[in-house]
Amino acid sequence: RGAGFDLEEGAFGTVVNVLRTLREQDEQLQQRWSDAAVEAGRTGELTVDALAVVGSQVTAMGMDQEVLQRVLGTALLQCSDPWDVWYGRLKAYREENGDCLVPQGYVTEDGFGLGQWVKN
């Protein structure tokens, strides 16, 4: 959604559904996906490292890695648990400030109300 389009509509709807189903069935995939979403939140990226999540089996299919990273990475982030991304933002705050004592009104540089999220 942060990327400016909704992958659940149109041609990507099937891809999104397959990704969610795979995630429910594979604990290792779920952990890699969660870790990638936390990292995206920490760095402020609008995508996750798709290759770190899905691994070499997809690259072996001969797909262009740049396209794969952009499209699949955006789809993976969009299907991620929002908590993971927010947790990544909290980690970034801690790295910058040395603690997790986020003021309630604090908003990240990219406009996310981290203080309110921590309060809730």
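These questions and answers walk through a predicted model.

Visitor: How many disulfides does a search of the whole structure find?
Guide: A disulfide needs two cysteine sulfur atoms within 2.5 Å. The search covers the whole structure, and the number of disulfides found is 0.

Visitor: Is Cys 79 buried or exposed, and what is its relative accessible area?
Guide: Buried means under 20% relative accessible area. Cys 79 falls under that cut-off, so it counts as buried, with a value of 8%.

Visitor: Which side chain of opposite charge is nearest to Arg 23, and how far away is it?
Guide: Arg 23 lies in helix 1, residues 12–25. Arg 23 is buried, yet has no salt bridge. A salt bridge would need a nitrogen to carboxyl oxygen distance within 4 Å. The nearest side chain of opposite charge is Asp 81, at 4.8 Å.

Visitor: What span does helix 2 reach from its first C-alpha to its last?
Guide: Helix 2 covers residues 27–43, which is 17 residues. At 1.5 Å a residue, 24 Å is expected. The span reached is close to that, at 24 Å.

Visitor: Which residue's side-chain oxygen reaches the backbone nitrogen of Gln 28?
Guide: This contact sits at the start of helix 2. The oxygen comes to within 3.0 Å of that nitrogen, and it belongs to Asp 26.

Visitor: Which residue follows helix 2, and what is its phi?
Guide: The residue is Gly 44. Its phi is positive, near 80°.

Note on methods. Residues are numbered from 1 along each chain as its sequence is written. This is a predicted model: local features need pLDDT of at least 70, side-chain atom pairs count only at pLDDT 80 or more; totals for chains, interfaces and linings use all residues. Side-chain values use heavy atoms; hydrogens and water are left out. Buried means under 20% relative accessible area, exposed over 50%, partly exposed in between (1.4 Å probe, protein chains only). Helices (H or I, at least four residues) and strands (E, at least two) are DSSP runs, numbered from the N terminus. Lys and Arg count as positive and Asp and Glu as negative; His and the chain ends are not counted. The expected span of a helix is 1.5 Å times one less than its number of residues. A polar contact is a pair of N or O atoms within 3.5 Å; within protein, one must be able to donate a hydrogen and the other to accept it, and residues adjacent in sequence count only if both atoms are side-chain atoms.
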